[in-house]
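Keep the viewer open and follow along as we go.

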Amino acid sequence: MTKARKAEIERLCELGEWVRVTGSRKNIKLTEYYLLVEDLLHTDEVQELSDFRHHRMTTRYQHCLNVSYYNYKVCRFLRLDAHSAARAGLLHDLYHYDTARYTKSSPVIRHSSYHPQVAVESAARLIEMNPRERDMIENHMWPVTTARPKYAETYIITFVDKYCAVIEYLLPQPARFRRWVKNRMHMHKN
Ligand SMILES: [Fe+2]
Ligand SMILES: [Fe+2]
């Protein structure tokens, strides 16, 4: 892909005309998948996830979108409930606080156990979840958390969540990195 084309896609992403997931160059706005989550993507609760850094090089919004998209793809391939997989994937990390600050405050409950509970409560305020969606959000940290997943889709999300964490670390795109540096410099100035 030429530099000019890359810049053009970057511009379209900023305008919201293109939506991408990490590891893919596709405009997911043009896919069937997008129709399943479009309503959720426009809620303030999901949009506000953009304000939080996640896995160092990305935002929590992008991470949730990544998990949602790949969870959908894998579940569809395996003829599982891809619709629930897409929606639960998008809401699986629906919490609005800084992870590092939570960890530093030495709470009684570890963040890995705490944030799925917060996410499921936040999701319940947003939509009426079916049992599969609830299980996927509540138990996406298994086996770090002890409750066993009840559905095949939940086992899938535990893998997809970890896979996304890896690609988010390994595929930092230069533009995102520049934005991250710019934001850090801005934070230090203020
Ligand atoms: Fe999580
Ligand atoms: Fe996650």
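**A helix pair to start with**

The crossing of α5 and α8 is right-handed, meaning that the near helix is turned clockwise from the far one by less than a right angle. Please keep in mind that this is a predicted model, where local features need pLDDT of at least 70 and side-chain atom pairs count only at pLDDT 80 or more, while totals for chains, interfaces and linings use all residues. Residues are numbered from 1 along each chain as its sequence is written, with chains lettered from A and ligands numbered from 1 in the order in which they are written.

**How α5 and α8 meet**

- Two packed helices are described by the angle between their axes and the distance between the axes.
- For helix α5 (residues 82–91) and helix α8 (residues 131–138), the axes come within 9 Å and cross at roughly 35°; axes are lines fitted to C-alpha atoms over the stretch in contact, and angles run from 0 to 180 degrees between N-to-C directions.
- Ser84, Arg87, Ala88 and Leu91 of α5 make the contact with Arg132, Glu133, Met136 and Ile137 of α8, where a contact needs C-beta atoms, placed from the backbone, within 7 Å.
- By type, the residues of this contact are four nonpolar, one polar and three charged (nonpolar: Ala, Val, Leu, Ile, Met, Phe, Trp, Tyr, Cys and Pro; charged: Asp, Glu, Lys and Arg; polar: the others, Gly among them).

**The whole chain**

- The protein chain has 10 helices and two strands, which are DSSP runs numbered from the N terminus (helices H or I, at least four residues; strands E, at least two).
- Starting at the N terminus, the order of elements is α-α-α-β-β-α-α-α-α-α-α-α.
- Buried residues account for 31% of the 190 residues (buried: 20 or more other C-beta atoms within 10 Å of a residue's own; exposed: 12 or fewer; partly exposed: in between; C-beta atoms are placed from the backbone).
- The C-alpha trace spans about 50 × 40 × 30 Å along its principal axes.

**Helix α1**

- None of the 13 residues of α1 is buried, so this helix lies largely in the open.
- Just after α1 comes Gly16, with a positive phi of about 85°.

**Two loops worth a look**

- Arg79 sits in the loop between α4 (60–77) and α5 and has a positive phi of about 55°, although it is not a glycine.
- Arg79 counts as exposed because it has 7 C-beta neighbours inside 10 Å.
- Pro143 belongs to the loop between α8 and α9 (152–170), and the peptide bond from Trp142 to Pro143 is cis, with omega near 10°.

Technical notes. Contact = placed C-beta atoms within 7 Å.
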